[in-house]
Amino acid sequence: MNTSTKIINPAIYSVSFRDMVDIWIETMHPEENVLVIWDAAKHLDILKKSGFSLDDSVFYNNKILTIVLDDIRDCFFVMDILSSYDSHPYMEVYTGGKMLTDNLENLRHEIPN
């Protein structure tokens, strides 16, 4: 039996979720104000309690939820509401296609030393 070994030289790239979100916002929402909510499916209960009308079936494989708002202040308003819950998602605010800030500072004080 003749067995041959095939040698392949693949190009391998690592793409982070952060890079994908940045590209998504730059491409799809270059001039808009966007609130990005990470792992939204894990926080569906607080999103619903906060007044969002969401269909559970669209969250079966969700990693990131984007919410486009008219005013940048509305992004911070929603972020503040969601951050008021004990267990809240990581969120970022984008405007003009670029990340402005996140709620990481709010999350840091919850991480035990």
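Colleague: Why is V15 called exposed?
Modeller: This is a predicted model, so take every value as computed. V15 has a relative accessible area of 53%, and the label "exposed" applies over 50%, so V15 gets it. You'll find V15 in the segment before helix 1 (17-28).

Colleague: What makes Y13, V15, F17 and M20 a nonpolar patch?
Modeller: Nonpolar side chains are joined within 5 Å, provided each residue has over 30% relative accessible area and no salt bridge. V15 clears that area cut-off with 53%, and F17 clears it with 40%. Together, Y13, V15, F17 and M20 put about 470 Å² of accessible area on the surface.

Colleague: How do you know that F17 and W38 form an edge-to-face pair?
Modeller: Two numbers settle it, because a pair of aromatic rings is described by the distance of the centres and the angle of the planes. For F17 and W38 the centres are 6.3 Å apart, and the limit for pairing is 6.5 Å. Their planes stand at 80°, and over 60 degrees counts as edge-to-face, so that's the name for this pair. F17 sits in helix 1 and W38 in strand 1 (residues 33-38), so the pair ties together parts that are 21 residues apart in sequence.

Colleague: Why is the pair of W38 and Y90 called tilted?
Modeller: The ring centres of W38 and Y90 lie 6.4 Å apart, within the 6.5 Å limit. Stacked needs under 30 degrees and edge-to-face over 60; the planes here are at 40°, so the pair is tilted. W38 in strand 1 and Y90 in the loop between helix 3 (72-83) and strand 3 (91-95) are 52 residues apart. F17, W38 and Y90 form one aromatic cluster.

Colleague: What makes strand 1 mostly covered?
Modeller: 6 of its 6 residues are buried. In a regular strand the side chains alternate between the two faces of the sheet. Here N33, L35 and I37 are buried on one side of strand 1, and V34, V36 and W38 on the other.

Colleague: How do you know that strand 1 pairs with strand 2 and with strand 3?
Modeller: Pairing takes at least two bridges. Strand 1 has 6 with strand 2 (residues 64-69), in the antiparallel sense, and W38 has I64 as its bridge partner there. With strand 3, strand 1 has 5 bridges, again antiparallel, and N33 stands opposite T95.

Colleague: What makes the contact of E26 and K98 a salt bridge?
Modeller: The N to O distance is 3.3 Å, and the cut-off is 4 Å, so it qualifies. E26 is in helix 1 and K98 in strand 4 (residues 98-102), 72 residues apart.

Colleague: And why does the contact of K63 and D39 count as a salt bridge?
Modeller: At 2.9 Å, N to O, it falls within 4 Å as well. K63 lies in the loop between helix 2 (44-49) and strand 2, and D39 in the loop between strand 1 and helix 2, so the pair ties together parts that are 24 residues apart in sequence.

Definitions and conventions:
Residues numbered from 1 in each chain as written. Predicted model: local features only at pLDDT ≥ 70, side-chain atom pairs only at ≥ 80, totals over all residues. Heavy atoms only, no water. Patch = residues over 30% accessible without salt bridge, like charges linked within 9 Å, V, L, I, M, F, W, Y side chains within 5 Å. Areas by Shrake-Rupley, 256 points an atom, 1.4 Å probe, with all protein chains shown as cover. Salt bridge = Lys/Arg side-chain N within 4 Å of Asp/Glu carboxyl O. Helix = DSSP H or I, 4+ residues; strand = E, 2+ residues; numbered from the N terminus. Buried < 20%, exposed > 50% of the residue type's maximum accessible area, 1.4 Å probe, protein only. Phe/Tyr/Trp six-rings, centres within 6.5 Å; stacked < 30°, edge-to-face > 60°.
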